[in-house]
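Subject: Handing over a structure

Dear colleague,

Please find below the structure that I promised to pass on to you, together with its sequence.

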Amino acid sequence: MTSLYRITLAVASLALLVAYVAPIWSISLEAPQYPEGIGMYIWINQITGQKPHDLQNINGLNHYIGMKAITPETITELKVIPWVIAFLIGLGLVAAATGKPVMLGIWVGLFLTCTVAGLIDFHLWEYDYGHNLDPTAAIKIPGMHYQPPFIGTKKLLNFTAHSWPALGGWIAFSSLLTGIVLLISQIRTSASARSQKNGIHSDPRPHE
C-alpha cells in the first residue's frame, strides 16, 4: 500500500474511538402525550435516555403493553462490543503500519462480518422485545406487535417510532466504507500491475 493508503487506513481505524464517547444508535418516539418526544441512545456499552427519565418512561410504557423492561446491565452485547471495537482499531493500525494488502483485506473482512452480525443481532433483539409480550399486560391488542423499525420510521398505535444510526454509528459505517474503498482500489491497482507485467512478457513484436 502507498503511504496515502496507510495514513487513510490509520485514520479510519482511529475514528472508531468516537464510538466510545458517542452513541451508535438512536430510537425515538413521538406521540400526542409526549409532544417533545422521548427516546433512547444505544452506546457500545450502555443504553441511556435521550433526556433525563426517558428510559424510565419508555420502560413504563413497555410495561403496560407487555414488553420487557430495557435493563442495560443484562444485555451481554454491551459487555462484548467495546472489546470488538478495540480489536478492530488495533488490527487496523497494524494493517496500516505493515502496509500489507492482505492485512487490509483481513481488517475489512472482519469489520464487515462484525457489522453484519451486529445488525442481525440488533434486529433479533428488537424482534424479541416487540413480539414476546407478557400475556397479563394491562393493554392487550390481538395480533399487535411493537417491534421498533430496524431503520427508518414506523407507526405503532398512536406512536411514531424512528430508528437511525447516531454519531458513533455513522462514523463506524464511514470507517468501514473507507476500508472497502481502499481494498477495491488496492485490488484494481494490483490487477492493473499484473496485466501490464503480463503484457510486457507476452509482447509479440520481433526483437531487432
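**The sheet and its strands**

Strand 1 and strand 2 run antiparallel and are joined by six bridges, where helices (H or I, at least four residues) and strands (E, at least two) are DSSP runs numbered from the N terminus, and where two strands pair if DSSP finds at least two bridges between them. Before going further, please note that this is a predicted model, in which local features need pLDDT of at least 70 and side-chain atom pairs count only at pLDDT 80 or more, while totals for chains, interfaces and linings use all residues. Residues are numbered from 1 along each chain as its sequence is written, and side-chain values use heavy atoms, with hydrogens and water left out.

Strand 1 and strand 2 are connected by a hairpin through two residues, and within this pairing Ser28 has Gly39 in strand 2 as its bridge partner. Strand 1 is also joined to strand 5 by six bridges, and these two strands run antiparallel as well; here Leu29 has Ala161 in strand 5 as its bridge partner. Strand 1 is mostly covered, since six of its seven residues are buried, a word that means under 20% relative accessible area, whereas exposed means over 50% and partly exposed lies in between (1.4 Å probe, protein chains only).

Taken together, the five strands form an open sheet in the order 3-2-1-5-4, with antiparallel pairing. At its edges are strand 3 (47-49) and strand 4, each of which pairs on one side only. From one strand to the next, the twist averages 20°, with axes taken as lines fitted to C-alpha atoms, for helices over the stretch in contact, and angles running from 0 to 180 degrees between N-to-C directions.

Helix 4 lies across strand 1, strand 2 (34-42), strand 3 and strand 5, and it runs at about 30° to strand 1; contact here means heavy atoms within 4.5 Å.

Strand 4 (residues 152-156) pairs with strand 5 (residues 159-165) in the antiparallel sense over five bridges. Thr153 has His162 as its bridge partner in strand 5, and Leu156 has Phe159. The hairpin of these two strands has two residues between them, and Leu157 there takes a positive phi near 55°. Most residues other than glycine have a negative phi, which is the background for looking at such cases. At 40% relative accessibility, Leu157 counts as partly exposed.

His53 also is not a glycine, yet has a positive phi of about 75°. His53 is found in the loop between strand 3 and helix 2 (54-65), and with a relative accessible area of 57% it is exposed.

**The aromatic rings**

There are seven aromatic pairs in the structure, counted where rings of Phe, Tyr and Trp (its six-membered ring) have centres within 6.5 Å, with planes under 30 degrees apart called stacked, over 60 edge-to-face and the rest tilted. The pair of Trp25 and Phe150 is tilted, because the ring centres are 6.4 Å apart and the planes lie at 35°. This pair links distant parts of the chain, with Trp25 in strand 1 (residues 25-31) and Phe150 in the loop between helix 4 (101-131) and strand 4, 125 residues apart. Trp25 is buried at a relative accessible area of 8%, whereas Phe150 is partly exposed at 30%.

Phe122 and Trp125 form a stacked pair, at 6.2 Å centre to centre and 20° between the planes. These two residues are separated by about one helical turn, because they are three residues apart in helix 4. Phe122 is buried, with a relative accessible area of 13%, and Trp125 is buried too, at 17% relative accessibility.

Trp25, Phe122, Trp125, Tyr129 and Phe150 form one aromatic cluster. Lys68 lies over the face of Tyr129, at 5.2 Å from the ring centre, where a charge sits over a ring if NZ of Lys or CZ of Arg is within 6 Å of the ring centre and within 35 degrees of the ring normal.

**A buried serine**

Finally, Ser13 lies in helix 1 (residues 3-14) and counts as buried, at 0% relative accessibility. Leaving aside residues up to four places away in sequence, Ser13 touches Ile89, Gly92, Leu93 and Trp107.

With best wishes
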